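Here are my notes for a colleague opening this structure for the first time. Please keep the sequence and the view at hand while reading.

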Amino acid sequence: MTAESAAILDRKKGTTVSMHVAFLESRPASASPLRPVVEDLGHRCSVVKTVAQALSLLEEDPPQAAFVTLNGTGTEALEFLEYVQSLDDPFPVIVLSAEPSLDLAVQAMQRGAQDFWVLPVSRERITQTLAWLDERRQGDGRKAEPSGLGSSDEIITRNPAMLKLKAVALKVATSDATVFIQGESGTGKELFARYIHRHSRRARGPFLAVNCAALPESLLESELFGYEKGAFTGANRLRKGKFELAHQGTLLLDEITEIPIHLQAKLLRVLQEGEIDRLGGRYPVPIDVRVLTTTNLNVAEAVREQRFRKDLYYRLNVIPLKIPPLRDRLDDIPVLVEYFLRRFQKRLGSSVREASPDAMRKLQSYSWPGNVRELENVLQRAVLLSEGPVLEPDDLEWDPVEDAPEGPLPLMSLEDMERRMIQKALAATDGNRTRAAEILGISVRTLRNKLHEYAQDIPEGL
């Protein structure tokens with residue numbers, strides 16, 4: 001589309017051209033479904049067939065975003081990515097592929113690709129992505145988010161192990177295989193679940209999440225499977241459960257290992273048969289749902305202790321994703337800090353734009369037992385208290401419950417140590433059991449059981 005035709009289109013629609021978007025396609029027909037959508041949204045498109053043509057375009061008429069189609073080995077696309085990242089002001093590049101390729105996805109993201117899409121791509125996804133890129137471009141007059149950054153539910157990383165996990169998640173997203181996401185609290189398990197849903201054929205369907213640890217055992221069954229009118233006292237109408245509400249979409253069972261053992265058998269049947277039984281129902285109800293699960297516990301230990309059914313574990317663990325803790329990927333901290341500071345600028349009106357080298361060294365020297373969630377809390381507290389545009393080491397304070405004890409730790413039984421840590425966590429969170437459980441790395445249900453066990457030792461009101 002020429003500049004003149006773009007202007008005519010804008011006058012016709014009453015809009016203005018938002019961005020210049022480049023397409024690098026050695027076979028132009030392969031990505032043709034995307035370009036009409038991009039143009040229809042009011043963006044100006046340029047198409048080049050070779051890296052040499054793309055480099056000429058960057059000099060003559062630099063784009064604000066680019067789509068690169070992989071063909072063959074993807075050598076030209078990777079070469080283009082490396083060049084863009086070498087620029088003083090790199091722009092976001094999204095890589096397109098007709099086939100899911102784990103190796104190429106990893107290579108593309110390691111070289112700075114904003115994302116890796118498997119064709120075909122829905123109009124809704126193109127629209128949302130370009131709207132976000134345009135908003136970021138206009139929001140503060142600075143360059144777009146660095147590679148690995150994205151919307152508030154994007155996976156933000158530059159760590160090789162995490163990039164490989166992201167590529168695996170992308171590859172399995174196109175299937176309906178169950179994925180078991182494991183990792184400590186605060187590592188981003190739900191982000192991976194949402195990423196899988198967003199890249200699946202169910203992306204236009206619902207995404208529902210159920211925290212299995214937060215619901216009392218008496219309510220969990222009806223929450224998952226629903227109930228018929230008259231099934232029990234107070235059931236005055238039919239109520240669909242989460243499995244039915246997620247029909248043709250994705251259901252995330254968060255902290256799956258906290259489901260009571262008798263409900264695990266019912267869940268196994270749902271996964272095997274593709275149908276659910278409402279409480280009080282006479283006939284099974286067919287469902288079409290992809291199930292994703294998460295846990296922050298050692299599943300093998302739960303199976304050995306017979307708290308989690310072995311047959312259910314094998315049924316869920318078709319694709320295991322184990323997310324490393326933040327202390328094992330400290331190279332992600334700079335990009336996470338940049339992302340959170342930009343988000344706080346927008347949400348909190350913060351004037352803090354960066355962290356000093358000394359502050360960054362302090363952040364990278366900490367073990368982050370609360371992972372990314374703790375990092376976000378520390379940075380939010382810092383920007384609210386900071387008096388300048390740059391975070392300094394003195395602005396950073398760790399959560400008191402995570403601080404190392406002063407002086408030598410006295411010898412005590414493991415039971416006493418456990419009780420002491422629970423007391424500290426509850427005191428540090430003003431009695432917030434959900435937050436305390438996250439800090440301790442256990443589920444809310446486990447914390448509740450411990451509180452019952454140690455009731456005589458926990459102060460009233462906590």
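**Notes on the model**

1. Start with Trp 368. Its relative accessible area is 0%, so Trp 368 counts as buried. The model is predicted, and that value is computed from it. Trp 368 sits in the loop between helix H15 (357-364) and helix H16 (371-385). Its phi is near 50 degrees, which is positive although the residue is not glycine. Most residues other than glycine have a negative phi.

2. Gln 248 deserves a look for its backbone too. Phi of Gln 248 is near 65 degrees, again a positive value in a residue other than glycine. Gln 248 belongs to the loop between helix H10 (242-245) and strand E10 (249-254).

3. Follow E10 into its sheet. Which strands make up this open sheet, and in what order? There are five, in the order E7-E10-E13-E6-E14, and the pairing is parallel. Strand E7 (207-211) and strand E14 (319-322) form the edges, each pairing on one side only. Neighbouring strands here are turned by 20 degrees against each other on average, direction ignored.

4. E10 and strand E13 (residues 289-295) run parallel and are joined by five bridges. Leu 252 stands opposite Leu 292 in E13.

5. A helix covers part of the sheet. Helix H7 (residues 160-173) lies across strand E6 (179-182), E13 and E14. The angle between H7 and E14 is about 155 degrees.

6. Now turn to the other sheet. It is open as well, with five strands in the order E2-E1-E3-E4-E5 and parallel pairing. Strand E2 (44-48) and strand E5 (115-118) each have a single partner strand, so one side of each is left without a neighbour in the sheet. On average, neighbouring strands are turned by 20 degrees against each other, direction ignored.

7. Inside this sheet, check E1 against E3. Strand E1 (residues 20-24) and strand E3 (residues 65-69) run parallel, with four bridges between them. Ala 22 stands opposite Ala 66 in E3.

8. Here too a helix lies across strands. Helix H4 (residues 75-86) lies across E1, E3 and strand E4 (93-97). H4 runs at about 175 degrees to E4.

9. Is Ser 46 buried or exposed? Ser 46 lies in strand E2. Its relative accessibility is 15%, and the cut-off for buried is under 20%, so Ser 46 counts as buried. What does its side chain meet? A polar contact of 2.7 Å joins the side chains of Ser 46 and His 20. Setting aside neighbours within four places in sequence, Ser 46 is in contact with His 20, Val 21, Ala 22, Phe 23 and Leu 57. Ala 22 is the residue that stands opposite Ala 66 in E3.

10. Last, a helix pair. Helix H14 (residues 333-348) and H15 pack with their axes 10 Å apart, at an angle of about 115 degrees. Their crossing is right-handed. Ile 333, Pro 334 and Val 337 in H14 meet Met 360, Leu 363 and Gln 364 in H15. The residues of this contact divide into five nonpolar, one polar and no charged. H15 also brings the reader back to Trp 368, in the loop between H15 and H16.

Note on methods: Residues numbered from 1 in each chain as written. Predicted model: local features only at pLDDT ≥ 70, side-chain atom pairs only at ≥ 80, totals over all residues. Heavy atoms only, no water. Pairing = 2+ DSSP bridges. Helix = DSSP H or I, 4+ residues; strand = E, 2+ residues; numbered from the N terminus. Axes fitted to C-alpha atoms, helices over the stretch in contact; angles between N-to-C directions. Contact = heavy atoms within 4.5 Å. Buried < 20%, exposed > 50% of the residue type's maximum accessible area, 1.4 Å probe, protein only. Polar contact = N/O pair within 3.5 Å; in protein donor to acceptor, adjacent residues only side chain to side chain. Left-handed = near helix turned anticlockwise from the far one by under 90°. Nonpolar A, V, L, I, M, F, W, Y, C, P; charged D, E, K, R; others polar.
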